[in-house]
Amino acid sequence: MATGDAIDDPAIRNAIEALAVALRELADMAGHALAADLAQGRIQQRSIVSLVAPDVPGYDLASHYAAAREIGGDFFELFRLRRRSRPLSIVIADVTGKGIAAALLMAFARPVIHGALNGANGPAQALERTNKILVDERRSILFITVLVGELDLPSGRIRLANAGHEPPLVVPADGSPIRQLEIGGVLMGAFPTLGLREVDLTLAPGDVLFLYTDGVTDARGPSGERFGEARMVEVVDAARGGTAKDIVDAVRGAVAAFSGDVEPADDVTIVAVGRRRG
């Protein structure tokens, strides 16, 4: 802060005050510009994340995505592969961290995974190819967890590979207990190879495959308690018998009610794939 006789000079004092006002206005302009950039980034990211599922005869597909900040690091995709039988590819992923850095890595990784799935002979190989590119090209301390499935529509057979992501749930139509598919693996971008194994399962009519990111289970209530895996399974179980959208909406609503006004700890992504009866 200026001191001394000079500060008593009205001209100098007025100049200092004008400078202070100008600096405040400049800071406000910078803040508005950043907010505008983040808003535009959010719009662009929503155009990247496939919020509208493709129409797949014989199946119900549903999803929910909400970034913890203006832009996030979760992403998912449901799309038909360019093969003769046109299987459905199911991708859900989570970049470690949040905000701009996570969003940039997501924007880089998504088309790489997409291309690898179209060119590989299965989910595990696609993730290995993607991991190699991330390890060779990554200039970030962030990593990615990814779960990939390939669904043969006529038979309901799904091949799954998991690179460090939360294990999916299978919700059987026959009323038997919901089961968690314990398929693990290391996250992508950390090691030269992943050493993944694939798991096969078949969705019977009425069965639902449920996938999520840790923003669901790590959501906090006002007391600081986690939403947790057990509560999530209870909500899914209570919604079983409905459509994939019913299950997604039930979990989304339960997380929102549990969290109340608490700021989200992480991005929230939920995907459900159900095979229709009959």
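Valine 95 stands opposite isoleucine 144 in strand 4, a position within the pairing of strand 3 (residues 88-95) with strand 4 (residues 144-152), which runs in the antiparallel sense over eight bridges. Helices (H or I, at least four residues) and strands (E, at least two) are DSSP runs, numbered from the N terminus, and two strands pair if DSSP finds at least two bridges between them. The model is predicted, so that local features need pLDDT of at least 70 and side-chain atom pairs count only at pLDDT 80 or more, while totals for chains, interfaces and linings use all residues. Residues are numbered from 1 along each chain as its sequence is written, and side-chain values use heavy atoms, with hydrogens and water left out.

Another open sheet of five strands, with antiparallel pairing, has the order 1-10-9-6-7, and its edge strands, strand 1 (59-66) and strand 7 (179-180), each pair on one side only. Within this sheet, strand 9 (residues 208-212) and strand 10 (residues 268-275) are joined in the antiparallel sense over five bridges, and leucine 209 stands opposite valine 273 in strand 10. Helix 6 packs on the sheet, where it touches strand 1, strand 9 and strand 10, and its direction makes about 20° with that of strand 1.

**An aromatic pair**

The structure holds two aromatic pairs, where rings of Phe, Tyr and Trp (its six-membered ring) pair if their centres lie within 6.5 Å, and planes under 30 degrees apart count as stacked, over 60 as edge-to-face and the rest as tilted. One of them joins phenylalanine 227 and phenylalanine 258 edge-to-face, at 5.4 Å centre to centre and 75° between the planes. Phenylalanine 227 lies in the loop between helix 4 (214-217) and helix 5 (228-239) and phenylalanine 258 in helix 6 (residues 244-259), so the pair ties together parts that are 31 residues apart in sequence. Arginine 231 lies over the face of phenylalanine 227, at 5.7 Å from the ring centre (the rule asks for NZ of Lys or CZ of Arg within 6 Å of the ring centre and within 35 degrees of the ring normal).

**Salt bridges**

The count comes to 12 salt bridges, each being a side-chain nitrogen of Lys or Arg within 4 Å of a carboxyl oxygen of Asp or Glu. Three of these are set out below.

| Arginine 157 | Aspartate 200 | 2.3 Å |

Arginine 157 in strand 5 (residues 157-163) and aspartate 200 in strand 8 (residues 199-202) are 43 residues apart, and their pair links distant parts of the chain.

Definitions and conventions. Contact means heavy atoms within 4.5 Å. Axes are lines fitted to C-alpha atoms, for helices over the stretch in contact, and angles run from 0 to 180 degrees between N-to-C directions.
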